[in-house]
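Colleague: I have just opened this entry and would like to learn how to read it feature by feature. Could you take me through it slowly?

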Amino acid sequence: MRRRWALAGAAALVGLAILAAAPNYLDVQRSADADRFRSLLDEYGEFRLASAAVLDFAFAVLYAATVVAVVGGRPQARLGVGLVVLGAIFDEVENAFVLRGALGADSLSDGAVDWMRRFGTLKSISLILGVALVIVGVVRARREPGGDPAVA
């Protein structure tokens, strides 16, 4: 039980650190084009934006690990857990585009920003569906006879 809370706490702290480094980090990830990305880079600076991207690598690992630790392989929530992990993988690819853009903004293309946004969209879809299925799975597990107290 402590490990679950430690993972969740670490994820929360890393999330806060991302916001401290780049308060509008989501705007960076949703940049419409390379010029918008560069304007946000100018606002934050290379170091802060690169730091936020590196922290986001850790954040994706931590939120996926938290879901795996809390819900695990319970049959009712297995698909949801898989989608959260898939969302974290998409998040890592998106983070790689952000980091690459932060460190090489002069050569950043609109195409690269488009790919970053595509992976961000896939991340969002996977996470929304995954979390919804995890919640449904946990509720179903608790309602079954002899419900699963480990997910309470």
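Colleague: Where does alanine 105 lie?

Modeller: This is a predicted model, and in it alanine 105 is placed in the loop between α5 and α6. With a relative accessibility of 11%, alanine 105 counts as buried, because the word is used for residues under 20%.

Colleague: Which residues is alanine 105 in contact with, leaving aside its neighbours within four places in sequence?

Modeller: Alanine 105 is in contact with Arg38 and Leu41. Leucine 41 is 64 residues from alanine 105 in sequence, yet the two C-alpha atoms are 8.1 Å apart in space.

Colleague: And how should I read valine 71, which is found in helix α4?

Modeller: Helix α4 covers residues 46-71, and valine 71 is buried, its relative accessible area being 4%. Not counting residues up to four places away in sequence, valine 71 touches Ala77, Val81, Val134 and Val138. Between valine 71 and valine 138 there are 7.7 Å from C-alpha to C-alpha, although they are 67 residues apart in sequence.

Colleague: Let us turn to aromatic rings. How is a pair of aromatic rings described?

Modeller: One gives the distance between the ring centres together with the angle between the planes. In this model the count comes to four aromatic pairs. One of them joins phenylalanine 90 and phenylalanine 119, with 6.2 Å from centre to centre and 45 degrees between the planes, and this pair is tilted. Since phenylalanine 90 lies in helix α5 (residues 78-103) and phenylalanine 119 in helix α6 (residues 110-143), the pair ties together parts that are 29 residues apart in sequence.

Colleague: Are phenylalanine 90 and phenylalanine 119 buried or exposed?

Modeller: Phenylalanine 90 and phenylalanine 119 are both buried. Phenylalanine 119 also pairs with tryptophan 115: the ring centres are 6.1 Å apart and the planes stand at 35 degrees, so this pair too is tilted. Here the two partners share helix α6, where they are four residues apart, about one turn of the helix. Tryptophan 115, at 45% relative accessibility, counts as partly exposed.

Colleague: Which residues form the aromatic cluster?

Modeller: Phe90, Phe97, Trp115 and Phe119 form one aromatic cluster. There is also a charge to notice here, for arginine 118 lies over the face of tryptophan 115, at 4.6 Å from the ring centre.

Colleague: Which other salt bridge does lysine 123 form?

Modeller: Lysine 123 also meets glutamate 94 in a salt bridge, at 2.8 Å from N to O. This pair links distant parts of the chain, lysine 123 in helix α6 and glutamate 94 in helix α5, 29 residues apart.

Colleague: What about the salt bridge of arginine 117 and aspartate 114?

Modeller: The side chains of arginine 117 and aspartate 114 meet at 3.1 Å, N to O. These two are three residues apart in helix α6, and therefore separated by about one helical turn. Arginine 117 is partly exposed, with a relative accessible area of 28%, and aspartate 114, at 24% relative accessibility, also counts as partly exposed.

Colleague: Finally, which residues make the nonpolar surface patch?

Modeller: Leu13, Leu16 and Leu19 make this patch of about 320 Å². Leucine 13 has its place in helix α1 (residues 2-21), and leucine 13 counts as exposed, because its relative accessible area is 60% and the word applies to values over 50%.

Key:
Residues are numbered from 1 along each chain as its sequence is written. This is a predicted model: local features need pLDDT of at least 70, side-chain atom pairs count only at pLDDT 80 or more; totals for chains, interfaces and linings use all residues. Side-chain values use heavy atoms; hydrogens and water are left out. Rings of Phe, Tyr and Trp (its six-membered ring) pair if their centres lie within 6.5 Å; planes under 30 degrees apart count as stacked, over 60 as edge-to-face and the rest as tilted. Buried means under 20% relative accessible area, exposed over 50%, partly exposed in between (1.4 Å probe, protein chains only). A charge sits over a ring if NZ of Lys or CZ of Arg is within 6 Å of the ring centre and within 35 degrees of the ring normal. Patches are made of residues with over 30% relative accessible area and no salt bridge: like charges are joined within 9 Å, nonpolar side chains (Val, Leu, Ile, Met, Phe, Trp, Tyr) within 5 Å. Accessible areas come from the Shrake-Rupley method with a 1.4 Å probe; for residues, only the protein chains shown count as cover. A salt bridge is a side-chain nitrogen of Lys or Arg within 4 Å of a carboxyl oxygen of Asp or Glu. Contact means heavy atoms within 4.5 Å.
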